[in-house]
Amino acid sequence: MHAPSPAEYAKIMRPYHDQGVSLAAKIGNRGPLRWAADGQLHPDILAAYWAHGYYIFEDVIGADEIAALRLDAADIIERAPVSPEATVDAKGRPAHGLDYGKPAYRLAKPLADPWGGTDLLGGRHPTKMVEPTPAEGAAEYAVFLIYGMCQSMPAGLRLYGHPHLLKIAEGINGPDFTPYNDAIFVKQPGLGGSVSWHQDGITHWDSPHWDAGIHGFNFQVQLYQTTPANGLWVLPGSHKQGRIDIKALVADNGGSDRLPGAIPLVCAPGDVTIVNRQMLHGSFANYSEDLRVSITFGFHRRTSVLGARPGLSMAGIIDVYDDAVIFDRSAVVQVAIDARRQHFQMEKPYRYQPFLGREDEFRFTRETQETVIKDYFMKDLAI
Ligand SMILES: O=C(O)CCC(=O)C(=O)O
């Protein structure tokens, strides 16, 4: 297929969008957060999540908090380097994050698929998405992903300690859950690249303990309205299928990346999705006029991580995830809980089981900014 223009691509995608939206409406799997009488996540929501592999929680993050997150996110998007090798932003200022232990940004060519068909990230994106031709005069690179929000964004750190989100993580992974990583997916209008179809999990597919929850789940907190054109798509139920032969699936679909049965996660600002990391999911190049900024962060069962060898970007960086590494990375959650407590004084903080009784050692202070938050993403628990 020749590379379509954004207008041609919009036409091609239209019927697929309509199909996906109507399928999503049939499944449901969305609504406000609901709690059971014992304060746990409502069992109906948990059952719906385990049945389909995703859930959309509506209106979880309040307008003021979304506004603060938007400001922080806009600031670091603006301060990105202009190219992968550059040390200055588009205004010629020193780029943000130059002193970080790992690059804070992943840039991509406009409307491109930077991972599809490559060996990157364990080769988990084996096929390439359609790459439309960007409009004339488009920037040479666009921000694709941003890492390290707990260090870069005060509102991002507070979000990481959100009591309702952490209670959801507890409901899915148990009270001793561990974090995974965080990354902000940015899809600027007419520039945002695609994320080729993939399953996130890497390490546990052949485990004798394999089940639908062994690779954890990811939140996405949506800062703007998401649409079928700029949003994340998932194949409902695919988290229960084991490792999927994505190449064969696309080949059987005549080589098209418009996989049948998939649905878009259409959200309002402040909605939060959970997506099982074993789900087949991906997103298309954002030819539309709508910005998407999705704050993405995941959580695991502790039993999945303890003793595991790291995968994805952490492969070869840490040998094995032992108690000490898990504790160090989990401390970010505890410090985030305290950063939130200091800011939202009327809110009841989440009580994180691994740190019960040690809260005073992990307050949000100048010291823990250095000892816990600085370069925390060098210890991501990636499996
Ligand atoms: O939001 C997107 O476009 C991609 C998200 C994704 O691939 C992930 O969370 O693993």
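Helices (H or I, at least four residues) and strands (E, at least two) are DSSP runs, numbered from the N terminus. I kept in mind that this is a predicted model, in which local features need pLDDT of at least 70 and side-chain atom pairs count only at pLDDT 80 or more, while totals for chains, interfaces and linings use all residues. Residues are numbered from 1 along each chain as its sequence is written.

**S10 and its partners**

I then looked up the other pairing and found that strand S2 (residues 54–58) and S10 are also antiparallel, over 4 bridges. Ile274 in S10 is the bridge partner of Tyr55, and Phe219 stands opposite Ile274 as well. I checked burial in strand S10 (residues 272–276), and 5 of its 5 residues are buried, a word that I use for a residue with 20 or more other C-beta atoms within 10 Å of its own, against exposed for 12 or fewer and partly exposed in between, with C-beta atoms placed from the backbone. Val272, Ile274 and Asn276 point one way from S10, whereas Thr273 and Val275 point the other way.

**Helix H1**

Next I turned to H1, which has 22 residues and reaches 30 Å from its first C-alpha to its last, close to the 32 Å expected at 1.5 Å a residue, the expected span being 1.5 Å times one less than the number of residues. Where does H1 bend? I found a bend of about 40° at Met13, with a proline, Pro15, following within four residues; the bend is the angle between axes fitted to the seven residues ending there and the seven starting there.

Met13 is buried because 21 other C-beta atoms lie within 10 Å. Not counting residues up to four places away in sequence, Met13 touches Ala229 and Phe284, contact meaning that the C-beta atoms, placed from the backbone, lie within 7 Å. The buried residues of H1 pack against strand S8 (232–234) and strand S9 (263–264). Just after H1, I noted that Gly28 takes a positive phi of about 85°.

**Ligand shell**

Last, I listed the residues that surround the ligand, among them Phe185, Asp200, His281 and Thr296, each with its C-beta atom, placed from the backbone, within 6 Å of it. Strand S11 (281–283) and strand S12 (292–300) are the elements that give two or more residues to this shell.

Notes:
Two residues are in contact if their C-beta atoms, placed from the backbone, lie within 7 Å. Two strands pair if DSSP finds at least two bridges between them.
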